[in-house]
Amino acid sequence: MKRNLAFSFSSWFCVPELGMKDFEILCRASCFIVPTITPKQNYKYHLLTVSHAAAPFRWPKLYPDEWLQSVSEKNIICTMEPRHADGLFVAQRHLLPHVYLHPTRDLAVLHFEDEEKTLSMFRNQLKHAFETRLDLVDENIVKGEPGGSELTFHGHNVEAKAITDVDDRLMIPRVESGVLMGRTANQVLYRTKNVLVDGMCGGPVCEDFDYAPFANGRKKIVRGLLEGIVPANHPSPDIRNAAVFVESGEIRDFLRQIEAEAVEPLRIGDVTSHVAADQDPEKLDFTKYL
């Protein structure tokens, strides 16, 4: 029997100047795939996630850790991991060392290092994900009254298997529903049945509750990408724990700019040549982190 796959996103870092010889996990998030808007020769799909996972060093207010000041784009690489519903790791697919960061929203766009190979490796399962249409609509969602316009939020909950020195947490797929609270000039706010968790950031926000991410032949409408959750200690109690997302119209505008080569990508991973030359193969075991 086939098991549906979900995708998680990981960024990894290595800072040789700090004595590191191996890549270690930097940040995890959810992600999803959409087809290109216009035909492209070098890729057919975009991978979408949050900027704060792809380039956390660009978010010092979110990540104030002093050691992160030693990390820059040259020190990181990014990967996508297909996972089963129980969170178990299936494989790892590397992403190209070009990260497109939205100038004002928490949105990052990446592409597969070898898209055709990724498809062929998982023809019976992963290919279904690519064939499923996750359509980004142009118009904004919010024209209804608060309490209406139910959407579903799809992503991952990070769960620890055991307390050890190794980061062996599982990314468990999770779905939550929510209803419209309202919007500001720049953001739309949703109240979810259960408070969302950080691991869900980067996941798709969809129009119908029966969304089956990778059911073959299904066509689904994506209304946006989850940017984050309003902190529980926010000064305005009315919006505490609310979900905030980038609407699909804004995402499509950014994808059009990327496809027109009007966006300069962040070039990552320069340190990989150094790591490859001074690598302990017994330590670089991605599966123990995934």
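1. Buried means under 20% relative accessible area, exposed over 50%, and partly exposed in between. Asn241 has a relative accessibility of 25%, so this residue counts as partly exposed. The model is a predicted one, and the points below should be read with that in mind.

2. Asn241 sits in the loop between strand S14 (219–229) and strand S15 (243–247). Its backbone deserves a look: the phi of Asn241 is positive, about 70°, although Asn241 is not a glycine. Most residues other than glycine have a negative phi.

3. Glu261 also calls for a check of its backbone. Its phi is positive, about 60°, and Glu261 is not a glycine either. The residue is found in the loop between helix H4 (248–259) and strand S16 (266–267). With a relative accessible area of 68%, Glu261 is exposed, because the cut-off for that word is over 50%.

4. His156 belongs to strand S10, which covers residues 151–159. Is His156 buried or exposed? Its relative accessibility is 3%, so His156 counts as buried; the limit for buried is under 20%.

Note on methods: Residues are numbered from 1 along each chain as its sequence is written. This is a predicted model: local features need pLDDT of at least 70, side-chain atom pairs count only at pLDDT 80 or more; totals for chains, interfaces and linings use all residues. Side-chain values use heavy atoms; hydrogens and water are left out. Helices (H or I, at least four residues) and strands (E, at least two) are DSSP runs, numbered from the N terminus. Buried means under 20% relative accessible area, exposed over 50%, partly exposed in between (1.4 Å probe, protein chains only).
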